Amino acid sequence: MSVNLPPLRDISLTAISHLQSTPTLKIHTDDEVEYWKSTRSYNDYKIFLRRLNESVVGYFFPWEPNGHSQSVEKILALLNELDQWIEEIPPLQTPQRFGNLAFRKWGQRLEERSDEILEQLLAPEFSVIIPHVKPYLLSAFGSFSRMDYGTGHETSFALFLLCLTLVRFFQPVAEEERDLVLTVFLRYLRLCWKLQDVYRLEPAGSHGVWGLDDYCFLPYIFGSGQLRDQADIPVSAVLHPPLPPTNLYFMSIMRIHDVKYGPFHEHSSQLHSIAAGVPNWGKVNSGLFKMFEAEVLGKRVVVQHIPLGGLLEWESNDGSSSPASHKSTPHGLNQNYPSTAAPWASTRAPVVTPQATTGGQSVLPPSTTLSTILHLPNRRLGTPSIQAPWLEPNIGRRPPF
């Protein structure tokens with residue numbers, strides 16, 4: 001790796017057998033989001049993503065490793081099986097714009113067969129971890145009740161890979177970590193794209209035109225990591241499609257062009273601002289990490305649906321207990337969890353003008369964009385963009401970082 005990073009913890013299978021709890025839903029308040037950031041599991045996840053990112057710097061598609069480990073081969077077989085289920089469970093002929101009811105049948109099969117497919121994935125000696133990884137697998141492909149998909153589900157799959165690495169089902173070495181991104185994560189991404197298309201899954205908690213992407217975030221981190229240390233391909237290349245499928249960033253951009261219509265700067269203003277205003281891929285990569293922590297891991301409406309505890313410890317690094325005064329809720333698809341609307345959402349969306357102000361001040365909360373995270377000077381772009389109603393005057397034209 002080009003950057004020295006801390007090693008991942010090694011959790012022995014013997015230690016897992018002595019754990020007192022399995023993952024449950026523990027985040028219900030903003031205070032608990034902040035508490036999670038003090039836990040060892042949060043630190044493990046940050047280290048894991050950094051290691052995955054560093055492993056792919058300078059590596060591009062087509063990716064042809066010398067060979068996959070047996071563990072990688074097995075998880076690819078698992079994802080292939082889930083893909084086959086889509087062929088066996090075709091969408092129903094229903095009039096809904098979003099959310100085909102056949103997706104619930106696909107999810108029901110996943111829940112019913114999850115123990116079986118995890119037993120096929122894991123060797124007998126790893127069977128002790130099944131209760132600790134099953135919740136992440138079940139929540140990695142979308143909500144079967146709301147029939148949507150978003151960055152929280154993507155995070156669940158990454159936490160699934162983290163758990164399997166902590167117990168050394170996957171080895172935390174550069175070659176295997178690279179394979180996890182360029183082979184396993186890519187296969188997962190293609191499966192999720194297929195689920196979104198076939199079952200018309202709704203974006204979960206999307207920011208609309210002011211979000212980075214309706215469904216995902218990690219492909220942009222890993223893709224900018226692939227491009228980080230080269231200078232032949234400028235960031236502005238994104239503005240000139242079609243783009244070659246040589247990295248996850250370009251593939252995700254072309255995915256947007258496949259599913260959205262209209263000018264890129266209108267439906268994907270954040271990505272357009274990055275392409276038009278950020279000087280190099282190193283800054284894109286570091287900025288996206290900061291945005292991910294703020295807009296995904298730091299948002300209760302995203303992380304409240306992620307089960308924690310057990311293998312991914314809920315206790316903080318200083319040994320203090322959770323600030324929660326209520327019991328956590330067991331995780332399972334058969335339960336109906338009340339969803340929390342995003343702060344900008346309502347039952348009936350009000351009409352808000354871009355310059356809605358009171359006494360010269362914005363009436364809506366400011367957005368956490370990368371321009372505010374990195375405190376960059378304001379740069380006006382040549383292409384007009386739509387200003388988010390919660391931004392202060394002129395901030396809408398800033399590149400995110």
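Student: Why does Ser252 count as buried?

Tutor: Happy to start there, and keep in mind that this is a predicted model. Buried means under 20% relative accessible area. Ser252 has 1% relative accessibility, so Ser252 counts as buried.

Student: Where does Ser252 lie, and which residues is Ser252 in contact with, leaving aside its neighbours within four places in sequence?

Tutor: Ser252 lies in helix 10, which spans residues 248-259. Apart from neighbours within four places in sequence, Ser252 is in contact with Trp193, Pro219 and Tyr220.

Student: What does the whole protein look like in these terms?

Tutor: The protein has 15 helices and 7 strands. Of its 401 residues, 51% count as buried. Among contacts between residues at least 6 apart in sequence, 80% join residues at least 24 apart.

Student: What makes the meeting of Asp44 and Arg9 a salt bridge?

Tutor: A salt bridge needs a side-chain nitrogen of Lys or Arg within 4 Å of a carboxyl oxygen of Asp or Glu. The side chains of Asp44 and Arg9 meet at 2.5 Å, N to O, so the pair passes the 4 Å cut-off.

Student: Which residues are linked in a network of salt bridges, and how many salt bridges does the count come to?

Tutor: The network links Arg9, Arg40, Asp44 and Glu313. The count comes to 17 salt bridges.

Student: How do you know whether Asp83 and Lys194, which meet in a salt bridge, are buried or partly exposed?

Tutor: Let's set each value against the cut-offs. The side chains of Asp83 and Lys194 meet in a salt bridge at 2.7 Å, N to O. This pair links distant parts of the chain, with Asp83 in helix 4 and Lys194 in helix 8, 111 residues apart. Asp83 has a relative accessible area of 12%, so Asp83 is buried. Lys194 has a relative accessible area of 23%, so Lys194 is partly exposed; that class runs between 20% and 50%.

Student: What are the relative accessible areas of Glu88 and Arg109?

Tutor: Glu88 has a relative accessible area of 44%, so Glu88 is partly exposed. For Arg109 the value is 16%, so Arg109 is buried. The side chains of Glu88 and Arg109 meet in a salt bridge at 2.5 Å, N to O.

Student: Where is there a kink in helix 5, and which residues of helix 5 are buried?

Tutor: Helix 5 (residues 102-121) has a kink of about 60°, centred on Arg113. The buried residues of helix 5 include Phe103, Trp106, Arg109, Leu110 and Ile117. What covers the buried residues of helix 5 includes helix 4 (70-88), helix 6 (130-138), helix 7 (151-166) and helix 8 (174-199).

Student: What makes helix 6 roughly antiparallel to helix 7?

Tutor: Helix 6 and helix 7 pack at an angle of about 155°, with their axes 8 Å apart. Angles over 145 degrees count as roughly antiparallel, so helix 6 is roughly antiparallel to helix 7. Their crossing is left-handed. The contact is made by residues including His132 and Tyr136 of helix 6 and Leu159 and Phe160 of helix 7.

Student: How do you know how helix 9 and helix 13 are oriented to each other?

Tutor: The axes of helix 9 (residues 218-227) and helix 13 (residues 281-297) come within 8 Å and cross at roughly 155°. By the cut-off of 145 degrees, helix 9 and helix 13 are therefore roughly antiparallel to each other. Helix 9 passes helix 13 in a left-handed crossing. Among the residues that make the contact are Tyr220 and Ile221 of helix 9 and Leu288 and Phe289 of helix 13.

Technical notes. Residues are numbered from 1 along each chain as its sequence is written. This is a predicted model: local features need pLDDT of at least 70, side-chain atom pairs count only at pLDDT 80 or more; totals for chains, interfaces and linings use all residues. Side-chain values use heavy atoms; hydrogens and water are left out. The bend at a residue is the angle between axes fitted to the seven residues ending there and the seven starting there. Helices (H or I, at least four residues) and strands (E, at least two) are DSSP runs, numbered from the N terminus. Buried means under 20% relative accessible area, exposed over 50%, partly exposed in between (1.4 Å probe, protein chains only). Contact means heavy atoms within 4.5 Å. Axes are lines fitted to C-alpha atoms, for helices over the stretch in contact, and angles run from 0 to 180 degrees between N-to-C directions. Angles under 35 degrees count as roughly parallel, over 145 as roughly antiparallel, 65 to 115 as roughly perpendicular and the rest as oblique. A crossing is left-handed if the near helix is turned anticlockwise from the far one by less than a right angle, and right-handed if clockwise.
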